[in-house]
Structures are given as C-alpha cells and as structure tokens.
Amino acid sequence: VALVNAGEETGVSDYESLAGRSVYLKDSDVDNLVMLGDTIVTVAAGNPIDVEVSYLSSKVVLDSVTLDLENYEHESLDFAVTSVFLTNVVGDRKYINDSAPTMWYHQDADFSKTLPFIYDSVSNGTLEHGGAGYGTDHYFYCFPNATATKTRLVIETIIGDETYYYPIELKELLPNNQYSYSVVLTRLGVDSPNGSLKEGVCGVTVSIKGWTNNSSTVVI
C-alpha cells in the first residue's frame with residue numbers, strides 16, 4: 001500500500017490494520033489531497049515497486065450559472081450569486097474498508113464547522129436574464145457519500161431583496177472522479193439550503209471524468 005499526502009501511520013502490522021484506519025477530510029487541502037494505491041508484488045532486492053495511486057476524495061466543480069427565467073415579471077429583478085457551497089459533507093472515511101461516517105460538515109446547513117474547500121463566497125456574481133452568465137469556476141473537494149443524507153451543491157442568490165437557494169443533490173460521488181456542473185436557473189429557488197427544488201426550477205448539465213492517476217515509485 002502506498003499513501004500520498006497522508007499523516008504518518010505507525011504500528012501497522014498487516015493490510016487489514018491499515019485498511020480499517022480512518023482518514024479525515026480536515027487533514028487535506030487543495031494542494032495535498034490524500035491519495036492511496038495498493039497492489040500485490042513480489043519484493044526483490046534492488047527492484048523498484050510501482051504503485052499507482054488515486055485520490056480518496058471526489059472533486060465537484062461549478063462551471064457556470066446562467067439565467068433563463070420563465071416568468072417575465074422576474075426579469076426586472078436584480079439577481080446575484082452570493083455564495084456557492086457543499087452541504088452534508090462526509091468528514092471521515094476508512095482508507096480502504098467501507099464505513100459509515102462519524103463526522104460531517106455543513107450538515108443540515110449548519111456552518112459552525114467548515115473547511116475552505118467546501119465553501120466559496122462570491123463578491124461579483126451579478127447576473128442578467130439572457131446574459132453571458134456567471135462563469136467563475138468553483139472547485140470543491142469531498143469524500144464519497146453512500147448514505148441517505150446526500151451531499152448537495154448549493155447556489156445562494158439574492159433576487160430583488162430576498163435570498164433564494166438552489167440546492168442540487170449529488171446522487172453519485174466516486175473517489176478520484178470530477179463532477180462538473182453547468183446550471184441554468186429558470187425560476188425562483190427555495191428559502192433554505194435544505195429545501196427541495198421543484199422540477200424545472202433549474203436545468204443541470206453534469207460532466208464526469210476521472211482525475212489523472214498518479215504513480216509513485218517506492219524503492220525498498
């Protein structure tokens with residue numbers, strides 16, 4: 001097993017003892033995301049061991065937000081994106097074994113615990129109906145979430161004088177995969193990040209691709 005950007009693990013006596021150990025999202029940052037790879041090899045003196053490693057986290061990208069409002073009465077309202085963030089973010093996982101999370105970030109939109117790579121404030125997010133849209137990319141990193149409490153990508157907006165949210169449920173998150181979202185807003189959102197959007201409130205185009213795997217050469 002090869003670990004990259006991980007904390008020191010001591011007292012590892014066998015594969016299972018490492019597989020069952022936890023890794024925590026808070027110990028990562030965007031330049032040092034934890035990676036892992038494992039393989040079966042025959043160790044021989046003088047021969048390097050090549051282990052391909054991949055990210056334990058998923059990458060979520062908001063590519064763009066555009067307006068295509070169906071109700072012409074809403075077209076005259078001022079509209080701005082004010083923040084973009086993830087909710088119901090899993091805070092820990094096992095290196096290899098399956099496990100239920102024991103800690104969360106932004107669960108039920110509780111922001112008392114947060115991380116810099118799951119929340120972005122937006123200072124210049126003004127949008128106009130039929131305009132070019134908001135095209136600043138936002139990158140977020142999270143662990144996969146197999147629970148019933150799905151991770152969400154949330155767009156917070158000010159429309160007129162009111163705050164509206166557009167929560168998008170991330171139904172699938174796999175490690176080492178990037179999910180890029182282009183969003184078209186057609187109606188007013190909901191009043192809470194925990195709310196549910198009615199069908200047709202926004203159109204979402206998602207593209208999925210795997211990150212480039214990284215290989216390490218370990219000389220023993």
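**Aromatic pairs, a histidine and a surface patch**

Tyr 119 is partly exposed, with a relative accessible area of 31%. That value falls between the 20% limit for buried and the 50% limit for exposed. The model is predicted.

Start with the rings. The structure holds 4 aromatic pairs. One of them joins Phe 85 and Tyr 119: the ring centres are 5.5 Å apart and the planes meet at 15°, so the pair is stacked. This pair links distant parts of the chain. Phe 85 sits in strand S6 (residues 79-87) and Tyr 119 in strand S10 (residues 119-121), 34 residues apart. Phe 85 has a relative accessible area of 1%, so it is buried. Ring pairs also bring in Phe 111, which forms a cluster with Phe 85 and Tyr 119.

Phe 117 and Tyr 141 make an edge-to-face pair, 6.5 Å centre to centre with 75° between the planes. Here too, distant parts of the chain are linked. Phe 117 lies in the loop between strands S9 and S10, Tyr 141 in strand S12, and 24 residues separate them. Both Phe 117 and Tyr 141 are buried.

Strand S12 (residues 138-142) also holds His 138. His 138 counts as buried because its relative accessibility is 5%. Its side chain makes a polar contact of 2.9 Å with that of Asp 120. Another, of 2.7 Å, joins the side chains of His 138 and Tyr 134.

Val 204, Val 206 and Ile 208 make a nonpolar patch of about 220 Å². Ile 208 lies in strand S16 (residues 202-210). At 47% relative accessibility, Ile 208 is partly exposed.

Notes
Residues are numbered from 1 along each chain as its sequence is written. This is a predicted model: local features need pLDDT of at least 70, side-chain atom pairs count only at pLDDT 80 or more; totals for chains, interfaces and linings use all residues. Side-chain values use heavy atoms; hydrogens and water are left out. Helices (H or I, at least four residues) and strands (E, at least two) are DSSP runs, numbered from the N terminus. Buried means under 20% relative accessible area, exposed over 50%, partly exposed in between (1.4 Å probe, protein chains only). A polar contact is a pair of N or O atoms within 3.5 Å; within protein, one must be able to donate a hydrogen and the other to accept it, and residues adjacent in sequence count only if both atoms are side-chain atoms. Patches are made of residues with over 30% relative accessible area and no salt bridge: like charges are joined within 9 Å, nonpolar side chains (Val, Leu, Ile, Met, Phe, Trp, Tyr) within 5 Å. Accessible areas come from the Shrake-Rupley method with a 1.4 Å probe; for residues, only the protein chains shown count as cover. A salt bridge is a side-chain nitrogen of Lys or Arg within 4 Å of a carboxyl oxygen of Asp or Glu. Rings of Phe, Tyr and Trp (its six-membered ring) pair if their centres lie within 6.5 Å; planes under 30 degrees apart count as stacked, over 60 as edge-to-face and the rest as tilted.
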